[in-house]
Amino acid sequence: MATRRWALLLLAVCGLAWGLSLAGAANATGSPPNLVVLLMDDMGWGDLGVFGHPSKETPNLDQMASEGMLFPSFYAANPLCSPSRAALLTGRLPIRNGFYTTNAHARNAYTPQEVVGGIPDSELLLPELLKKAGYVNKIVGKWHLGHRPEFHPLRHGFDEWFGSPNCHFGPYDNKGAPNIPVYRNWEMIGRYYEDLKIDRKTGEANLTQIYLQEALDFISTQHASQQPFFLYWAIDATHAPVYASREFLGTSQRGLYGDAVREIDSSVGKMLSHLQKLGIGENTLVFFTSDNGAALISAPTQGGSNGPFLCGKETTFEGGMREPAIAWWPEHVPPGQVSHQLASVMDLFSTGLALAGLQPPCDRQIDGIDLLPVILQGKLIDRPIFYYRGNEMMAVRTGLYKAHYWTWSNSWEEFGQGIDFCPGQNVSEVTTHTQEEHTQLPLLFHLGRDPGEKYPISFSSTEYQTVMERISPVVRQHQETLLPGQPQLNVCDKAAMNWAPPGCEKLGKCLKPPPSDPQKCFWPH
């Protein structure tokens, strides 16, 4: 906690303009706008009708886009869940905030139950900073930034939580591994599969409806109290094992995954309608996106679509990191807008602060940019997008060009076992099964002409030489000034699993942990 106190002291010193900015915002509007972030789990760029899915089964999200702004070039900060979520809430690349591993080169890592680490105290999260402007903050759904007590979301700025620290994997036997707990605020109220049912055979679960009601109730309560709020709705219905409620089962042309998407679409429609009925739609910025690309390894029954893009989750090709994204703010965002701004989940951190009249912390590198000039004025801001996999910068995008400095899908060993992150999409010398270094001659693609990354630009062409003269200094500056954070995803220990979460004793659900035996986590890809 000393680290956190020091960080807050620095903010107090460097943030005098913070208070002045906040005062200006409050005087101008009376109350800063609300913020709702709808973060999906493993939903692909091509899953929405407005992004071209032929099923056309997302009428509410399509309408949200027609009433707001669509971002065709919006990116996750990582091709995997935990690091991307950490980046969203800190505004910083995972390599900076510690959500990566150094156990092996360019390995994806996240926070399953056995991981010891989590979000460091030294990191300042969006809800923690929004409290400075009087916001009340709630997370609904998956946290995924660490499950041990010190990483609890209510210790990092959230006032309320209904959801789980991990994904809904299971069921487990509570001997080799415990079932994942579900929390209300500080304490667990049950465990997945035991108390909150998920039928693995049919895919039936009522969780999305529960999460929807949590959101509607929170919005109503904060409206009644006249307090600005931040709602982070991070549900996981589209993450395998996929689920949907009985009302939606069997209703999609796409099977169970489509059922889950249809229920999410319906839920989003109800939330936007609720905001309008309460008369606070015009004072609420709602942003819809996903944490990483669709998990093609689970497709088609348990995974989504990345549209025209190459590969999926776990990779730094476009399909792994380009996300569906929609901004909605009636009377502020003109309807039917499309922005080709290069944008990232990290921008939601800086945009949220700007919405509240706050400046970003000045004691650390913030990678997110404020998107309000883009959303409200249609401006375009020149900035790069860095594609990281673990501790390695794999690629960078500037403008319409993307340069790969490393390529890798997964190992030949895994591929031989049927683990394929790019099914039906082999591109010779691009979707490689060994880690291939291209730092001397990066593979260059024009994503306007070639969104599928199939046609590398010739090394000998004038276009290649001209573009790389622009990209190389951007990469060099980034790498020379990078200060990596302490890696949080290196150590695993079965004793750290969810054996006895807070509140378990009241429910008679405490389990005996095994003896502590810390080990180096193994991350295969």
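This is a predicted model: local features need pLDDT of at least 70, side-chain atom pairs count only at pLDDT 80 or more; totals for chains, interfaces and linings use all residues.
Local features are reported only where pLDDT is at least 70 and side-chain atom pairs only at pLDDT 80 or more, while totals for chains, interfaces and linings use all residues. Residues are numbered from 1 along each chain as its sequence is written, and side-chain values use heavy atoms, with hydrogens and water left out.

## Disulfides

How many disulfides does a search of the whole structure find? The search turns up 3, where a disulfide is a pair of cysteine sulfur atoms within 2.5 Å. Here they are side by side.

| Pair | S to S distance | Torsion about the S-S bond |
|---|---|---|
| Cys311 and Cys422 | 2.0 Å | 105 degrees |
| Cys492 and Cys521 | 2.0 Å | about 110 degrees |
| Cys504 and Cys510 | 1.9 Å | about 90 degrees |

Let's start with Cys311 and Cys422, whose link is right-handed.

Next comes the pair of Cys492 and Cys521. Its torsion about the S-S bond is about 110 degrees, so this disulfide is right-handed. The pair links distant parts of the chain, 29 residues apart: Cys492 belongs to strand S20 (residues 491-492), and Cys521 to the segment after strand S21 (519-520). Cys492 is buried at a relative accessible area of 12%, and Cys521 is buried at 6%.

What about Cys504 and Cys510? With a torsion of about 90 degrees, their disulfide is right-handed. Cys504 has a relative accessible area of 1% and is therefore buried, whereas Cys510, at 36%, counts as partly exposed.

## Two cysteines without a bond

Which cysteine sulfur is closest to that of Cys81? It belongs to Cys167, but the separation of 6.9 Å is too far for a bond. Cys167 is in no disulfide, and its nearest cysteine sulfur is that of Cys81. Cys81 is buried, with a relative accessible area of 2%, and Cys167 is buried with a value of 2%.

Ser350 is part of helix H10 (residues 347-355). Is Ser350 buried or exposed? Its relative accessibility is 3%, so Ser350 counts as buried.

A polar atom of the Ser350 side chain lies 2.9 Å from the backbone oxygen of Gly368.

## Backbone geometry worth a look

The peptide bond from Gly170 to Pro171 is cis, with omega near -5 degrees. Pro171 is found in the loop between strand S5 (160-164) and strand S6 (181-184). Another cis peptide bond joins Ala299 and Pro300, with omega about 0 degrees, and Pro300 is placed in the loop between S9 and H9.

That loop brings us back to Cys311, which lies between S9 and H9. Cys311 has a phi near 60 degrees, a positive value in a residue other than glycine. Its relative accessible area is 0%, so Cys311 is buried.

Glu314 lies in the loop between S9 and H9. Phi of Glu314 is near 90 degrees, a positive value in a residue other than glycine. With 11% relative accessibility, Glu314 counts as buried.

For anyone viewing the model, the S9 to H9 loop makes a handy stop: among its residues are Pro300, Cys311 and Glu314.

Methods: Helices (H or I, at least four residues) and strands (E, at least two) are DSSP runs, numbered from the N terminus. Buried means under 20% relative accessible area, exposed over 50%, partly exposed in between (1.4 Å probe, protein chains only). A polar contact is a pair of N or O atoms within 3.5 Å; within protein, one must be able to donate a hydrogen and the other to accept it, and residues adjacent in sequence count only if both atoms are side-chain atoms.
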